[in-house]
Each structure stands twice: as C-alpha cells, then as structure tokens.
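Visitor: I would like to learn how to read a protein fold from its coordinates. Could you take me through one case?

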Amino acid sequence: MNQYKVVLLDADMTLLDFHRSEREALSKVLAAHGLPCGGGVIAAYSEINDGLWKAMARGETTQSALVVERFARLVKLLGSSEDPEVLNREYEQGLGREGHLLPGALEFCQRLRDGGLELAIATNGLPAAQWGRYRGTGLDRVVPHLLVSVELGAQKPQKEFFDRALAALGVSDRSTVVMVGDGLETDILGANRAGIDSIWYDPAGKPLSGPAVPTFTAASYDGICALLLG
Ligand SMILES: [Mg+2]
C-alpha cells in the first residue's frame, strides 16, 4: 500500500464532529434571536440542510444559494420573519468557533504524518467555518494544507475540485494520491471521477449504496492506518 504519498482528508464527520458544532452554533444563533432552539428545531434544520447539500451534489443548487435557503426554509417553518441572510452569517461565524475533533482524530493525523505521508484536508465546507475549526482544534499543526471548495471554485464530487486541489499541492502523479472520507456521494464519487484511489471511512458499518466505488473501506482510524502504513 506504500504507493501513496499524498492523503486528502475529508473534514466533517471524518476528522471533525460536525453534528456537535452544528447543534451548538445553531442553538446559540436561534436563542440570540428569540427563536425556539430545542432538539426538534435542530433536527428539522439538519434535515433541510442535508437535503440541500445533496441537491447541490446533484448540481441542482449552488453553495451560496443553499446557505441562505436553509434558513429561509427554517424561519418559514417557525413562522418567523427573521432575515435568513443574517441568521446564516451569524451561524457561519459561530460554526468557526465551535470546533470539535472526533475522538482520536488528531492522533490519527499525526500517525499518518509520522509515516511520511503528505496530508491535506479537502472539504466542501464554508471558508469561515472550516478555517476557524482547522485552527481552533490544532489540526493546522499536524495537517499543513486546508483546501476549501469555495476557495477552489469547485466542490466534491466535481472532478475540477480534485484537479485544482492537486494542482495547489503540486501533485501530478494521481496514483500516489488517496482520498479518505465518510461521504460516498462527495468524497468517493469525486475520487472516482478524478481517477484517484479512495478509502471510504464507514465507522457505522453502513452498506455501500449509489454509484460510488471505494477502493477500500475502513471502519476505524486504525483500519485506515493499516491500509496506508501497513
Ligand atoms: Mg464528511
């Protein structure tokens, strides 16, 4: 397995506990505007948001539209007249302050780095949120590169995202690159389109579904290390 020299790492739910960040940042914004912020509201937002990100992966909306649309739908659901653009801006700022690593994530990155692999985070998230959490969690001290979709002008699973990410890293031999991530429709499908190998990180043991075909599947950080360092 030592053909790999470069590891592209997904951020959310691969290294970072996005659900916790989302919950905490969202409930603070809603509370600040006098809106209900219980578990039911958070779950409703989450469903709206997930649906819109999937629609974006299918090419049906854009990131700049979806971030406002998710709050437009939420305030409608709550019967509120708050400005969705304001809510989204405050939420994105809050998200950058709510960095929570998944247990063992930093040590996992350190092991890969100590094994001589070049690491880069390759993420579809929003720049303010991703850069804030990258620095706030100390990932920036172990992973030297952060590549964010908005800044690259393309997002996973678009081939262009990977083309631009690899160009930014100065990598030309794609056989030396592996994408590691939990998202079949983003990380793995994108790797397929870009002609690079992939490891589907599947800690919940979900069955494979959809058109994406991972090169490998691993259920734990140890499993990924065994594939990349073994
Ligand atoms: Mg992910």
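Guide: What follows goes from the overall fold to one strand and its partners. Please keep in mind that this is a predicted model.

Visitor: How many helices and strands are in the protein?

Guide: The protein holds 10 helices and six strands. Its radius of gyration is 18 Å, close to the 17 Å that the globule rule gives for 230 residues, and it is therefore as compact as a globular protein of that length. Taken along the principal axes, the box filled by the C-alpha atoms is roughly 55 × 35 × 35 Å.

Visitor: What share of the residues in the protein is buried, and what share of the contacts with a separation of 6 or more comes from residues 24 or more positions apart?

Guide: A residue is taken as buried if 20 or more other C-beta atoms lie within 10 Å of its own, and buried residues make up 38% of the 230 in the protein. As for the contacts with a separation of 6 or more, 63% are between residues 24 or more positions apart.

Visitor: Which residues point one way from strand β1, and which the other way?

Guide: In β1, which spans residues 6–9, Val6 and Leu8 point one way while Val7 and Leu9 point the other way, and all of them are buried.

Visitor: Which strands does β1 pair with, and in what sense?

Guide: Strand β2 (residues 118–123) runs parallel to β1 and is joined to it by four bridges, with Val7 standing opposite Leu119 of β2. Strand β4 (residues 177–181) also pairs with β1 in the parallel sense, over four bridges, and there Leu9 has Val180 as its bridge partner.

Methods
Residues are numbered from 1 along each chain as its sequence is written. This is a predicted model: local features need pLDDT of at least 70, side-chain atom pairs count only at pLDDT 80 or more; totals for chains, interfaces and linings use all residues. Helices (H or I, at least four residues) and strands (E, at least two) are DSSP runs, numbered from the N terminus. The radius of gyration is taken over C-alpha atoms; the globule rule is 2.2 Å times the number of residues to the power 0.38. A residue is buried if 20 or more other C-beta atoms lie within 10 Å of its own, exposed if 12 or fewer, and partly exposed in between; C-beta atoms are placed from the backbone. Two residues are in contact if their C-beta atoms, placed from the backbone, lie within 7 Å. Two strands pair if DSSP finds at least two bridges between them.
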